Amino acid sequence: PAPAADAGAPSEPQVPAEPPPRFKIAGGFVQQFDTGLNSGGNYAASRAYGAFSSRTRLTENMNLDIGLGYEFDHYEFHGTAIGLGSTLNTEALSVVPRFTVALDRHWAVGGAPILQVAGESEADAGKTITGGGLANFRYAFDEEHVLGLGVLAKGLLGSGVLVVPAPLVDWHVGNGFRISNIRGPEANPFVGLEAVQDLDGGFEAAFGGAWEFRQARLDDSGADANWIFQESNTSIYGRVAWRPTNALRLDFVAGSALYSRVKTLDGGGSTMTSTGANPGLLLGAFVSLKF
């Protein structure tokens, strides 16, 4: 309750609280530098990211977040025997409407259908579509200590389903240090766990590791018509973030892609070629704006 005003004092004008941001727009770029393939030759990848999200309060205890994510990957191959040309350009667009329901001041549950299209520009559009869903729950001990668990299930191009556990961790240990997997950049491709330290001047430093998985349908002509390109790796990285204002955020990332594997699959999802890769240097930058 507000304190009682003095009888003889003029009333103070009431300043309305600033509404929380409803929209976020973000982008980023990561360069994975040239690295050798175990089967011979080498490859490099340049990746651009874009993201947009909006939040709508449907009821007092339910929010709807609409998320759009875009990724463009440019690959260069030299002296390889994986059945592809010297370059490959793929695009992926994801749509994720996510519902979150607060059951009380501690418990919340959420769910989201997922729709994605991924492939080369000349791929058969109907064969680039996959779908899936995410379900999770979380428990907030307080604003600084949150744990949760979920599961992501997503169809694969060709055939099969990818099922991945999706834990949620945001735990403040003390003195500005926390363990978290939700503090990364908005357009962040790394879905992993970070150790994060707050610094003076709106800066923070983090070190983390993450697993990445990509698929894209190839063009519908040529000897590899409607084949599938697949890439996976585990990345470790350091990150520095700067927030010059409450609305603007800049992130810089440096790390290494480990345990990379590049595959080509036929139209039904059977492996045609597969090879591992040596560790490769990663450098990237991200920017996000909320309003």
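Student: What makes the link between the side chains of Q116 and K154 a polar contact?

Tutor: This is a predicted model. In it, the side chains of Q116 and K154 are joined at 3.1 Å. The cut-off for a pair of N or O atoms is within 3.5 Å, so 3.1 Å qualifies as a polar contact.

Student: Which polar contact joins the side chains of Q116 and S94?

Tutor: One of 3.0 Å.

Student: Why is Q116 called buried?

Tutor: Its relative accessible area is 18%. Buried means under 20%, so Q116 is buried. Q116 sits in strand β5, residues 107–119. Beyond its sequence neighbours up to four places away, Q116 touches residues including A92, L93, T128, I129 and T130.

Student: How many aromatic pairs are there?

Tutor: The count is 14. One of them is formed by F141 and W171.

Student: Why is the pair of F141 and W171 called edge-to-face?

Tutor: The centres are 5.4 Å apart, and pairing needs them within 6.5 Å. The planes stand at 80 degrees. Over 60 counts as edge-to-face, so the label holds.

Student: What makes this pair a link between distant parts of the chain?

Tutor: F141 is in strand β6 (residues 129–142) and W171 in strand β9 (residues 168–174), 30 residues apart. Both also belong to one aromatic cluster with W107, F137 and Y139.

Student: Why is F141 called partly exposed?

Tutor: F141 has a relative accessible area of 44%.

Definitions and conventions: Residues are numbered from 1 along each chain as its sequence is written. This is a predicted model: local features need pLDDT of at least 70, side-chain atom pairs count only at pLDDT 80 or more; totals for chains, interfaces and linings use all residues. Side-chain values use heavy atoms; hydrogens and water are left out. Helices (H or I, at least four residues) and strands (E, at least two) are DSSP runs, numbered from the N terminus. Buried means under 20% relative accessible area, exposed over 50%, partly exposed in between (1.4 Å probe, protein chains only). A polar contact is a pair of N or O atoms within 3.5 Å; within protein, one must be able to donate a hydrogen and the other to accept it, and residues adjacent in sequence count only if both atoms are side-chain atoms. Contact means heavy atoms within 4.5 Å. Rings of Phe, Tyr and Trp (its six-membered ring) pair if their centres lie within 6.5 Å; planes under 30 degrees apart count as stacked, over 60 as edge-to-face and the rest as tilted.
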